[in-house]
Amino acid sequence: MWLLTAWTIASAQAQDSDYAAGAAAFARGDYAKAHAIWQPLAAAGDVAAQYGEGLLAANGWGTPRDMLRAQHFYTRAAERGHPGAQYNLAVMRDTGNGVPRDAAQAAFWYTESARQGLAVAAYNLALMTLAGDGLRRDPARAVAWLERARASDRAALIAALPVASVGVGSAHIRRTPGRDGEIVASAERGEQLRVLTQRGGWAEVWQLGHEGAPDTVGWIAQRLLVDPPDPSARPLRLDRYEFGPLTDLDARRVRRAGEVQTSTVARRGANSASGSPDRLLRNTGWLAGLDSIDFGTPPAADSARVAAALLNVRRAPALDAPVVAQLPRDTRVKIIERAAGWRRIALADGDNGWVAAFLLEETPMGVDIDGSARTARIGASNANLRAQPSNHAPVLGQLHRGESIQIVDERGGWREVRFSGTPGRGWVAAFLIAGEITPPEKSAQRAAVRVGESGG
């Protein structure tokens, strides 16, 4: 036993030494050497080397640029908790750079990275939450995520939003638009509020915290404001503040928006949803009407459509597995098995094979004709699936973090969900779903519990 332990420690130390040698080569720009060192380490499961291989493949450093390979290694590292890989995976899904855009997946991986303290991930997640892009629109939660972003980026967003001031001695800020809405704060004459949206004579405002008070998001009657934005004006289009992918090993350097426009976005071209390479991915300014827009395509599926020009079907779920068939764009396929980042599909000749999941557009089982279902992802490590919307209802099974679902009904703090697999349908506590609501606070201590670590 002692010999085995000593060998294990020595092996780990040797692996760390090899990774460090690759990192040193990376730092001096010898990417080919870094690739030669990291490739076997990544194949053996070294998370840092997997992230490094993702960087090399995504940028074409020391190896041909290959977004499929980058996606593969980022996914493997992200699923094991690497914040940089989680962030870069989110950026790929957010921008559609080399992969089909999937706002729900982008929001999920930004969340995972932001929870680990990556400020740029928190900022991008705040923008998505503010716009309702990929997850439920929730300005109050967006403001909370901004607290984890860099102060300069938070200040830039605040400065970009329209300002209105209070024109009466004191005005109530309410949770919902209407005189019966719960009062959540008050604002005094002359106080400046940032305006997010306007609706039916009410303005959704962001009150910046002062004298130690927290920020507040709520609604105020427009007639109580001085110089509110014109509700009939077209949404203001601002320079986007989104960030490009990380480009170093320490998750520190991030390319700014201008650099992304001349590289990632320009290369994307017709792959974007609008076909315009200079399309704004997110509007961080006047957000009127965005809360009514449904973004994304439901990914939970038992069938799919090929979203790549030519899709390789492989014998096993690995990039180096033999190619057994190739399918052209828009071919419909049936999914018969799932693995991390891969789908096994049935072929016309009765055979089957594996394809990269992100090169498919998956079709949900039994899609509602009226399109009322919306896409979401499980945000908890484990979430109990129950027969009824109650903690006392029988548990039908469990769903796991990142799993795709469709919300088909709501009842209080519960959501009825549909998903691929058995039993296919049930009820989940809403706070266990990414982007839904905050967990119930039964005591002061409960507020400190990390969201999503309860089974529901």
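How many helices and strands does the protein chain have? The chain has 11 helices and 20 strands, where helices (H or I, at least four residues) and strands (E, at least two) are DSSP runs numbered from the N terminus. The model is predicted: local features need pLDDT of at least 70, side-chain atom pairs count only at pLDDT 80 or more, and totals for chains, interfaces and linings use all residues. Residues are numbered from 1 along each chain as its sequence is written, and side-chain values use heavy atoms, with hydrogens and water left out.

Of the 456 residues of the protein chain, 51% count as buried. Buried means under 20% relative accessible area, exposed over 50%, and partly exposed in between (1.4 Å probe, protein chains only). Contact means heavy atoms within 4.5 Å. Among contacts between residues at least 6 apart in sequence, 55% join residues at least 24 apart.

Strand E4 spans residues 192-199. Of its 8 residues, 6 are buried, so E4 is largely enclosed by the rest of the structure. Two strands pair if DSSP finds at least two bridges between them. E4 is joined to strand E1 (residues 163-166) by 3 bridges, and the two run antiparallel. In this pairing, Val 163 stands opposite Arg 194 in E4. Strand E5 (residues 202-207) is also antiparallel to E4, with 5 bridges between them. Here Arg 199 stands opposite Trp 202 in E5. E4 and E5 form a hairpin with 2 residues between them. Gly 200, in the turn, has a positive phi of about 55°.

A further antiparallel pair is formed by strand E19 (residues 414-418) and E20, joined by 5 bridges. Trp 414 stands opposite Ala 429 in E20. Strand E20 (residues 425-429) is mostly covered, with 4 of its 5 residues buried.

Two packed helices are described by the angle between their axes and the distance between the axes. Axes are lines fitted to C-alpha atoms, for helices over the stretch in contact, and angles run from 0 to 180 degrees between N-to-C directions. Helix H5 (residues 83-95) packs with helix H6 (residues 103-115) at an angle of about 160°, with their axes 8 Å apart. H5 is therefore roughly antiparallel to H6 (angles under 35 degrees count as roughly parallel, over 145 as roughly antiparallel, 65 to 115 as roughly perpendicular and the rest as oblique). Residues of H5 in the contact include Tyr 87, Leu 89 and Arg 93; those of H6 include Trp 109, Tyr 110 and Glu 112. The residues of this contact divide into 8 nonpolar, 3 polar and 3 charged. Ala, Val, Leu, Ile, Met, Phe, Trp, Tyr, Cys and Pro count as nonpolar, Asp, Glu, Lys and Arg as charged, and the others, Gly among them, as polar.
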